[in-house]
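Subject: Structure handover

Hello,

Please find the structure below, with the sequence. My notes come after it.

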Amino acid sequence: MPVQNFEKIFQEKIDNEIKIEPKDWMPDAYRKTNIRQISQHAHSEIVGMLPEGNWISRAPSLKRKAILLAKVQDEAGHGLYLYSACETLGISREETINDLHSGKAKYSSIFNYPTLTWADIGAIGWLVDGAAIMNQVMLTRTSYGPYARAMVRICKEESFHQRQGFESLLVLSKGTKEQREMCQDAINRWWWPALMMFGPKDSESTNSDQGMKWKIKRKSNDELRQNFIDMITEQVKVLGMTLPDDKLKWNEERKHYDFGEINWDEFWNVVKGNGPCNKQRLQARKDAWDKGTWVREAAAAHAEKRKSKSNQQAA
Amino acid sequence: MNAKIDYTLHLADTTLILSQRNSEWCGHGPILEQDIAITNISLDLIGQARNFYQYAAKLIGNTDEDKIAYLRTEREFKNLLLAEQPNGDWGQTILRQYFFSQYQYLLYQQLQNSKDEQLAAIAAKAIKETSYHLRWSGEWVIRLGEGTDESHQRMLNAVNELWGYTGEMFIPATYESPVVKENTGVSVDSLKQPWLEKVKTIFEEATITVPEKVFMHSGGKEGKHTEHLGFILTELQYMQRAYPNSEW
Amino acid sequence: MSNYIKKFYYGDIPEEKGGGNIVSAQTKNDWPLWEVFIRSKQGLDHKHVGSLHAADAPMAIENARDVYTRRMEGVSIWVVESKYISASNPEEAGELYEPAVDKIYRHPTFYNLPDEVNHM
């Protein structure tokens, strides 16, 4: 069969909402786009463990410590589901990770911001995970089967994250003056970076068009961002806190909230590596990997030894 | 009564401090799957610690798990010295876990039959977790002991670092004799032989020899710790100290 | 950098159809990939839930427990190294499955039973 036919069958499947599975023919660019997107998603989960992981040792109560541990562990699990999905496209996890370490592959810039106070943990759960969920819910219907299935699993677990984040801010919002200040300060610092998580404006995004045609991505950056703003603007009232945007206003005509201009210089700077924590995040990942080399080698060597031992016994 | 409180606190403190140590790996493990595994153990241990603290809080009265965990000082903590030792490399961490889980398994086996229903119930629930920790860490000891030359050497170093902190597990503290007498606590000296035999079996598979005539440190159970504990508590207790009387 | 990957998730993807140069090589530290199957409840089949890396089978089972049953999703776990899974070729799906489409007698709804016969 000539390639054109394969391509036609492929696009027909996509158009008919039939999932693409690992062994199906797919265009090179589709494979590459998926590898890029899934691996970046995986890296984001793994790097995302670091800012929150910071506070595990300092969590203010035993209950919060247990919740935070479970949450950060969930993120490791999500990273694992995603690396596995990525591997079905024919790239090993080690290669994917090498790309992260070399700086070739990106991860969500949000994790290059520091977690300065305990309230940041709540703000991350509520705003950052909240923004991530908007994307992820859409991705449960993505066209590549393994990615969609990983996302179904992840979304089930993510809703717990957002709830626990909000609930932990709610406690602060009802607490002492210091706690309320801490809460507002965290919201102020995380709001704009959270909006940036949806990526550049549709008019400037290079990745969205093809992604929509192939149904990898199913809603545009701007659409998702607007949904998020509408949702959070309501929720923040429950906390009795404010969002740091004086242009935030209900627009009766659009039936959406208008909002101020995002600082895109900051966004691109952080993407390019100039965020407050880019260096230390990447270094932490590299260190973990390098310090683990001897462990991975030893376990592999041991498994080999076991195999040859049992082969000898069988012979 | 005071002895039972101290005993419960000792059980709680050890699991909390070890949980705190293991949790330092979260996000930094040698491979994602093992990052998840060590965090799981950390979670199990903090769960056990909370059960013991909540019980201790009930025995003490007019306090709660957080006040006990976050507002006592170095000299009041009764955890085993082994638990507070630094993580070192992965080998040292899994060996520390193995030594402890092997001990904890034997301990819980008997504590399940404690005359104190609450302690018995906590142990009965926790022993399932512990038997998993034991299997996991035991397998790792074998893997690394037998793996490569480097990993073997690293395991020998780990044994060197940690062996001297294993003796304390089997020396009863002052508060243990009364609880043993009332059959609420476990006589730890009786666990020493079975522990040693199990360790020997695993070490044999791991091609590691059991050290002999090593000086054994003690004192943790009575509140005399290594310098490490102070730093652990500084981090652990920071929020409660900085913002007293707040709900979290 | 011209070594093409041979083993994919479920068997091979031929280079000419795979959509181009995918470079991959399993290095000595890269633990093999395992597929995980979980029985979520006594009486149900094991179902594929995903994959993970492990050096050996006991590790794979323990990891599967940690990763895929964190919320008590399972009572029994199977793991198998991914490379041992042979898969049918999607392009032969027609030959493999379409004949079964005619064999409607294999499906229980083929048989009309009186309404009084419940639960069969």
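This is a predicted model: local features need pLDDT of at least 70, side-chain atom pairs count only at pLDDT 80 or more; totals for chains, interfaces and linings use all residues.

Chain C and chain B

The contact between these chains draws on 11 residues from chain C and 12 residues from chain B. Together they bury about 1100 Å², and carbon and sulfur atoms give 52% of that area. On the chain C side, the residues that lose the most area to chain B are Glu62(C), Arg65(C) and Asp66(C), which together make up 45% of what that side buries.

There are 2 salt bridges between chain C and chain B. One of them joins Arg135(B) to Glu62(C), with the closest N and O atoms 3.4 Å apart. Polar contacts between chain C and chain B come to 7 residue pairs, counting pairs with both residues at pLDDT 80 or more.

As for where the chain C side comes from, β2 (46–53) and α2 (57–68) of chain C each supply at least two of the residues that touch chain B. The largest share is that of α2(C), with 7 residues. Sorted by class, the side of chain C that touches chain B has 5 nonpolar, 2 polar and 4 charged residues.

Cysteines

Over all chains, the structure holds 0 disulfides.

With a relative accessible area of 3%, Cys26(B) counts as buried.

Backbone angles

Two residues in chain A are worth a look on the display. Glu17(A) is not a glycine, yet has a positive phi, near 60 degrees. Its place is in the loop between α1 (3–15) and α2 (28–53) of chain A. Is Glu17(A) buried or partly exposed? Its relative accessibility is 41%, so Glu17(A) counts as partly exposed.

Lys255(A), also a residue other than glycine, has a positive phi near 60 degrees. Lys255(A) sits in the loop between β1 (249–251) and β2 (256–258) of chain A. At 47% relative accessibility, Lys255(A) is partly exposed.

Regards

Note on methods: Residues are numbered from 1 along each chain as its sequence is written. Chains are lettered from A and ligands numbered from 1 in the order in which they are written. Side-chain values use heavy atoms; hydrogens and water are left out. Contact means heavy atoms within 4.5 Å. Buried area is the accessible area (1.4 Å probe) that two parts lose on being put together, summed over both. A salt bridge is a side-chain nitrogen of Lys or Arg within 4 Å of a carboxyl oxygen of Asp or Glu. A polar contact is a pair of N or O atoms within 3.5 Å; within protein, one must be able to donate a hydrogen and the other to accept it, and residues adjacent in sequence count only if both atoms are side-chain atoms. Helices (H or I, at least four residues) and strands (E, at least two) are DSSP runs, numbered from the N terminus. Ala, Val, Leu, Ile, Met, Phe, Trp, Tyr, Cys and Pro count as nonpolar, Asp, Glu, Lys and Arg as charged, and the others, Gly among them, as polar. A disulfide is a pair of cysteine sulfur atoms within 2.5 Å. Buried means under 20% relative accessible area, exposed over 50%, partly exposed in between (1.4 Å probe, protein chains only).
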